[in-house]
Amino acid sequence: MKALNRRPLGLRDWSFIKSSARALSGMSITPNQISIASIGFSAAAAWCLAALPADIVLNSLLTVVFITLRGLCNVFDGMVAIEGGKSTKSGELFNDIPDRISDPLILVAAGYAIGGTDFWPVLGWAAALLAVGTAYVRTLARSMGAPSDFRGPMAKTHRMAVVAVACLLTPFIGPYAMIFGLNVIIFGCIITIWNRARAAYLFLEGKA
């Protein structure tokens, strides 16, 4: 994974994150393995979301924990690859494909976590499709010669933050938290797709 294509994250400057990345770099753990592990944490988060009605407080907290672990995998795989000197030619595949699996797992499950009528899962599916769409526009634009564009307002980190906050609020205000959260993600993704597509168009046409 090239540094040029990295998502800008202030989290990488934290001393705890740096020391953890150095420790991982010294182990026989590859960045690709860390990337794949993010799918496992996302699947665990999805399972907790699906089981939310069984124990709202416990499963809400577990979902936040697994989303956080997924996010840490997304940070550490790049740091181990670049700062740890373990980057490979296929690293970009392992960096990107797991995210295209992880986002739909969590977002679709969030729709089913609402419960009630058959309509609510549609919110999860819509959020998942649009989330993949934001990444598609970024990847397509880059393949055409535009720079990698990680702008929001609903990039990957923002989407997961919204789901996490919705989970924390669910024990207090019920399914309305997730309904509102998924709507925020849907409309935020639509704006993000527009912003990225517009920026790519202006760059490629020399108007930026």
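Mentor: Lys156 and Asp99 are both buried, where buried means under 20% relative accessible area, exposed over 50% and partly exposed in between, with a 1.4 Å probe and protein chains only. Keep in mind that this is a predicted model: local features need pLDDT of at least 70, side-chain atom pairs count only at pLDDT 80 or more, and totals for chains, interfaces and linings use all residues. Residues are numbered from 1 along each chain as its sequence is written, and side-chain values use heavy atoms, with hydrogens and water left out.

Trainee: OK, and how far apart are the closest N and O atoms of Lys156 and Asp99?

Mentor: They are 2.8 Å apart, in a salt bridge, that is, a side-chain nitrogen of Lys or Arg within 4 Å of a carboxyl oxygen of Asp or Glu. Lys156 is in helix H6 and Asp99 in helix H4, 57 residues apart; helices here are DSSP runs (H or I, at least four residues), as strands are (E, at least two), numbered from the N terminus.

Trainee: Is Arg159 buried or exposed?

Mentor: Buried, because its relative accessibility is 2%. Its side chain makes a polar contact with the side chain of Asp103 at 2.6 Å. A polar contact is a pair of N or O atoms within 3.5 Å; within protein, one must be able to donate a hydrogen and the other to accept it, and residues adjacent in sequence count only if both atoms are side-chain atoms.

Trainee: How many salt bridges does a search of the whole structure find?

Mentor: Eight. One of them pairs Arg142 with Glu92, at 3.4 Å between the closest N and O atoms.

Trainee: Switching topic: how many aromatic pairs turn up in the whole structure?

Mentor: One. Phe119 and Trp120 sit edge-to-face, 5.4 Å centre to centre with 65 degrees between the planes. Rings of Phe, Tyr and Trp (its six-membered ring) pair if their centres lie within 6.5 Å; planes under 30 degrees apart count as stacked, over 60 as edge-to-face and the rest as tilted.

Trainee: Is Phe119 buried or partly exposed?

Mentor: Partly exposed, because its relative accessibility is 47%. Trp120 is partly exposed too, at 23%.
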